[in-house]
Amino acid sequence: MRKVSSLLFVSSFLTCFGGAALAQDKEPITIGAAIAQTGFIAAYDADPAKAAEMAAEDINKSGGVLGRPLKIVYSDTKSEIPQGAVSAMEVMDQGADIVIVTGDFDFGGTAARAANAEGKLAIAPFAADPKFGVEGIGPYAFSFSTASDTVGTVLAEFASSKGWQKAYALTQTNIQYDLSVSAAFQARFKELNGEDSLVGTDTFSMDDASIATHITRIKALDPQPDVALLSTFTPAGPGALRQLRAAGLTMPILSGEDMDGDYWLESVPNLSDFYYAAMGSIFGDDPRPEVNEFVARFTELHGNHPSTAHTLTGYSVIEAIKMAAERAGSVEPDAIKAEFEKFDEVPLLVGPTSFDETTHINFMRPMVIMEVQDGEHSFVELRTPEKIPGR
């Protein structure tokens with residue numbers, strides 16, 4: 001029996017090792033990444049790209065995709081919207097039929113449109129605006145994010161579950177994501193608490209160093225809000241948050257995924273009563289073991305935990321490409337597109353993933369609610385939206 005077991009082990013080892021070696025000898029499948037490697041958007045793109053490389057390495061070690069290794073090539077968009085189209089063309093010139101773009105409708109859109117124009121797949125790991133897809137980009141555009149409408153809805157339903165019945169919303173206007181999160185929050189909060197439950201709204205931009213006038217208006221509200229939405233992204237978000245707290249506004253503050261992570265937290269010392277929705281916890285306390293295992297592995301490999309939970313989507317994009325290609329028996333864009341559109345609650349690292357012919361982003365995927373108290377992050381709950389306004 002020991003001899004038989006040994007032979008089975010050797011056979012299994014040789015099959016795995018031989019398959020991996022054979023994959024390395026074949027022409028690679030090239031995936032292009034037209035993302036920001038420099039500039040302020042690089043803070044969002046960098047870790048999902050590292051996760052994609054981890055996934056590609058895992059897949060190559062196990063024999064590749066259809067017996068071929070994966071290779072990722074890059075072109076830097078420099079965090080400039082017009083440069084996205086140039087970068088997409090550069091990676092397609094290197095043989096990419098699949099182009100990964102910055103996870104944002106505005107900053108990833110130009111690269112995605114350039115890929116669509118060539119009949120190539122354009123995949124955003126974490127673009128959350130629902131327009132990133134068939135509607136706003138084209139039929140070959142997919143996002144592996146959870147929709148911004150879902151983020152706003154989850155925040156509104158969480159706030160209502162806490163008994164907070166009067167809300168104020170402050171929205172940064174530079175990108176569509178923050179506008180969409182805020183719109184969904186406002187709509188759902190009013191559905192749950194009545195039309196007069198939204199006691200005030202304001203907007204600001206990345207160029208506004210001060211929100212003093214907004215703070216004055218908040219203090220003059222009657223009734224006062226018992227919760228505030230700050231729909232924003234860094235670096236403007238922490239500045240606004242610091243000013244709100246310094247002005248003595250102590251109500252709970254909610255934000256979307258763009259305020260995930262702790263890399264900005266030193267600019268708002270001892271922050272408390274701050275909550276945000278994200279695709280997972282990067283602090284080792286996610287309720288899903290596979291997320292915690294990935295975070296631990298990423299941390300060991302790179303010396304720090306992921307900057308945000310957007311990182312999960314970088315890994316998921318690559319595992320989904322493998323799954324779709326092997327189901328289709330092809331890496332052609334049309335074949336992978338057709339398989340993506342059959343995804344129905346497919347279990348990926350980022351969560352259950354579904355697409356169809358008209359919807360290339362996820363709406364009903366659960367999200368974590370994270371809390372910051374005394375400058376420390378902790379998981380609160382995993383929440384699936386009950387009803388998304390307009391859907």
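Sheet, strands and helix packing in a predicted model

Modeller: In this predicted model, seven strands make up an open sheet of mixed pairing, ordered S7-S6-S8-S9-S10-S13-S14.

Biologist: Why are S7 and S14 said to stand at the edges?

Modeller: Strand S7 (198-204) and strand S14 (376-383) each have a single partner strand, so one side of each has no neighbour in the sheet. Neighbouring strands here are turned by 20° against each other on average, direction ignored.

Biologist: How do you know that S6 and S8 pair?

Modeller: Pairing requires at least two bridges. Strand S6 (residues 167-172) and strand S8 (residues 227-231) have five, in the parallel sense, so they count as paired. One of the bridges puts Ala167 against Val227 in S8.

Biologist: What makes S10 mostly covered?

Modeller: Five of its five residues are buried. Phe274, Tyr276 and Ala278 lie on one side, Tyr275 and Ala277 on the other, and both faces are covered. In a regular strand, side chains alternate between the two faces of the sheet.

Biologist: Which helices lie across the sheet strands?

Modeller: Helix H5 (residues 148-161) lies across S8, strand S9 (253-255), strand S10 (274-278), strand S13 (367-373) and S14, at about 95° to S14. Helix H7 (residues 212-220) lies across S6 and S7 and runs at about 175° to S7.

Biologist: Why are H2 and H9 called roughly perpendicular?

Modeller: The term covers angles of 65 to 115 degrees. Helix H2 (residues 42-61) and helix H9 (residues 289-302) pack at about 100°, with axes 12 Å apart, and are therefore roughly perpendicular. From H2, Asp47, Lys50, Ala51, Met54 and Asp58 meet Phe294, Arg297, Phe298, Leu301 and His302 of H9. By class, this contact has five nonpolar, one polar and four charged residues.

Biologist: What makes the approach of Ser79 to Thr38 a polar contact?

Modeller: The cut-off for a pair of N or O atoms is 3.5 Å, with one able to donate a hydrogen and the other to accept it. The side chain of Ser79 reaches the backbone oxygen of Thr38 at 2.8 Å, within that limit, so the pair qualifies.

Biologist: How do you know that both faces of S3 are covered?

Modeller: In strand S3 (residues 98-101), Ile98 and Ile100 on one side and Val99 and Val101 on the other are all buried.

Biologist: Which strands pair with S3?

Modeller: Strand S1 (residues 29-35) pairs with S3 in the parallel sense over four bridges. Strand S4 (residues 121-124) also pairs with S3 in the parallel sense, over three bridges. Ile100 takes part in both pairings: Ile100 is the bridge partner of Ala33, and Ile123 in S4 is the bridge partner of Ile100.

Methods
Residues are numbered from 1 along each chain as its sequence is written. This is a predicted model: local features need pLDDT of at least 70, side-chain atom pairs count only at pLDDT 80 or more; totals for chains, interfaces and linings use all residues. Side-chain values use heavy atoms; hydrogens and water are left out. Helices (H or I, at least four residues) and strands (E, at least two) are DSSP runs, numbered from the N terminus. Axes are lines fitted to C-alpha atoms, for helices over the stretch in contact, and angles run from 0 to 180 degrees between N-to-C directions. Contact means heavy atoms within 4.5 Å. Angles under 35 degrees count as roughly parallel, over 145 as roughly antiparallel, 65 to 115 as roughly perpendicular and the rest as oblique. Ala, Val, Leu, Ile, Met, Phe, Trp, Tyr, Cys and Pro count as nonpolar, Asp, Glu, Lys and Arg as charged, and the others, Gly among them, as polar. Buried means under 20% relative accessible area, exposed over 50%, partly exposed in between (1.4 Å probe, protein chains only).
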